[in-house]
Amino acid sequence: MTFPAPDTPLYNHSLPVIEQWLSDLGCQQDQQNLNCWTVTKPNWKAQLSLDVEEIIVCYLKAGADGSDVTRAFKYSLSREDVEAAIFSGP
């Protein structure tokens with residue numbers, strides 16, 4: 001599968017390309033809710049949701065008090081910027 005250039009906004013990526021990108025980054029797709037993904041890294045775990053206008057990321061138990069930390073990234077951001085933001089962790 002051919003990916004657009006890394007500086008291309010996500011809204012210029014097809015859904016299959018976005019799904020392949022997430023899979024290549026180690027994310028696991030929820031087979032019941034196909035818009036939901038999970039990623040586990042050594043120091044954090046997150047749930048991603050492909051919403052209509054943005055990717056919503058919920059870092060589980062990442063707050064100072066053990067609460068979840070949620071962030072949203074618009075599809076107008078480039079793939080490389082979204083990747084850097086999400087995978088730098090909470």
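This is a predicted model: local features need pLDDT of at least 70, side-chain atom pairs count only at pLDDT 80 or more; totals for chains, interfaces and linings use all residues.
Close-up 1. To find K61, look in the loop between β4 and β5. Setting aside the neighbours within four places in sequence, you will see K61 in contact with G66, S67 and D68. Now look for W44, which is 17 residues from K61 in sequence. In space, the two are 8.3 Å apart, C-alpha to C-alpha.

**Close-up 2. E53 and K74, a salt bridge across the chain.** Here the side chains of E53 and K74 meet in a salt bridge, with 4.0 Å from N to O. The two partners come from distant parts of the chain, 21 residues apart. E53 sits in the loop between β3 (44–50) and β4 (54–59), whereas K74 belongs to strand β5 (residues 69–74). As a general idea to keep in mind, side chains of opposite charge can pair when their charged atoms come close.

**Close-up 3. E54 joins in.** Which residue meets E54 in a salt bridge? The answer is K74, and the distance from N to O is 3.5 Å. E54 lies in strand β4 and K74 in strand β5, so this pair ties together parts that are 20 residues apart in sequence. Is E54 buried or exposed? E54 counts as buried because its relative accessibility is 18%, and the cut-off for buried is under 20%. The model's count of salt bridges comes to 2.

**Close-up 4. Inside the largest nonpolar core.** This view turns to a core of 19 residues. Which of them touch the most other members? They are L22, L48, I55, V57 and I86. Two or more core residues come from each of α1 (15–24), β2 (36–41), β3, β4 and α2 (79–87). β3 gives the largest share, 4 residues. In soluble globular proteins, nonpolar side chains tend to be buried together.

**Close-up 5. L22 and its contacts.** Let's zoom in on L22, one of the core residues that touch the most other members. Leaving out neighbours within four places in sequence, L22 is in contact with C27, W37, L48 and L50.

Methods:
Residues are numbered from 1 along each chain as its sequence is written. Side-chain values use heavy atoms; hydrogens and water are left out. Buried means under 20% relative accessible area, exposed over 50%, partly exposed in between (1.4 Å probe, protein chains only). A nonpolar core is a set of buried Ala, Val, Leu, Ile, Met, Phe, Trp, Tyr and Cys residues joined through side-chain atoms within 4.5 Å. Contact means heavy atoms within 4.5 Å.
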